[in-house]
Amino acid sequence: MADHVFPRRLLVAEIAGIVPQPVPTMASLQMINLTSLIDDTKCYELIRHHRWPEGIRCTSCSRAAVIRHGHDEIQRHRQRYRCKDCGARFDDVTGTILAGHHQPLRVWVLCLYFMGLNLSNQQIAKELGLNDDDVHDMASHLREGLVAKVPEATLEGEVEADEVYVVAGHKGNPAAVQKKDAPGGVDG
């Protein structure tokens, strides 16, 4: 799990423009609201950079003949696009796990960051000032999206497997549940 935490910390630090600083002493500690450190502009720029490193491509036909087509009314930093070839319209998060949600992108980034720190959903909700149910839905969505991106395992070369029988329960077979030392049990 620790291998997955480090890159997320760097991602959030990059978005926020945070430069690593020496560890503060107890006298210099102040409460910092993390949502104020994260800028929507930087979040969307980072999404564009990681989603389309070779330049923006149409989400429908994958062609590069794309023009900017305004911004989202609610999230002003969310760029809209239109494909010249197929006419498809899309934006920075179309077709991702971040599409179709009312929370700003910075809240999703912070939620992912806190998940990487192994905070509970209740702790994340408290940190972000959100409802517990909303954070539960966000965390579930993020986990599903991360699992969906994991490539399927392919076996190559010589593969060895041992036979294993795991007893998952004795439902419908109450005789198998009897204790060994009970009268009429396995040992009696």
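**Briefing on a predicted model**

Gln 79 is found in strand β2, which covers residues 79–83; helices (H or I, at least four residues) and strands (E, at least two) are DSSP runs, numbered from the N terminus. This is a predicted model, in which local features need pLDDT of at least 70 and side-chain atom pairs count only at pLDDT 80 or more, while totals for chains, interfaces and linings use all residues. Residues are numbered from 1 along each chain as its sequence is written, and side-chain values use heavy atoms, with hydrogens and water left out.

**Surroundings of Gln 79**

- Gln 79 counts as buried, at 5% relative accessibility; buried means under 20% relative accessible area, exposed over 50%, and partly exposed in between (1.4 Å probe, protein chains only).
- Leaving aside residues up to four places away in sequence, Gln 79 touches Arg 48, Arg 68, His 69, Gly 70, His 71, Phe 90, Asp 91 and Asp 92, where contact means heavy atoms within 4.5 Å.

**Helix α4**

- Helix α4 (residues 105–116) has twelve residues and reaches 17 Å from its first C-alpha to its last, close to the 16 Å expected at 1.5 Å a residue; the expected span is 1.5 Å times one less than the number of residues.
- Eleven of the twelve residues of α4 are buried, so the helix is largely enclosed by the rest of the structure.
- Among the buried residues of α4 are Leu 105, Trp 108 and Phe 114.
- Asn 118, which follows α4, has a positive phi, near 65°.

**Salt bridges**

- The count comes to four salt bridges, each being a side-chain nitrogen of Lys or Arg within 4 Å of a carboxyl oxygen of Asp or Glu.
- Asp 40 forms a salt bridge with Arg 106, and the closest N and O atoms are 2.8 Å apart.
- Asp 40 lies in helix α3 (residues 40–51) and Arg 106 in helix α4, so this pair ties together parts that are 66 residues apart in sequence.
- Asp 40 counts as buried at 19% relative accessibility, whereas Arg 106 is partly exposed, with a relative accessible area of 24%.
- Asp 91 forms a salt bridge with Arg 78, with the closest N and O atoms 3.0 Å apart.
- This pair links distant parts of the chain, Asp 91 being in strand β3 and Arg 78 in the loop between β1 and β2, 13 residues apart.
- Both Asp 91 and Arg 78 are buried.
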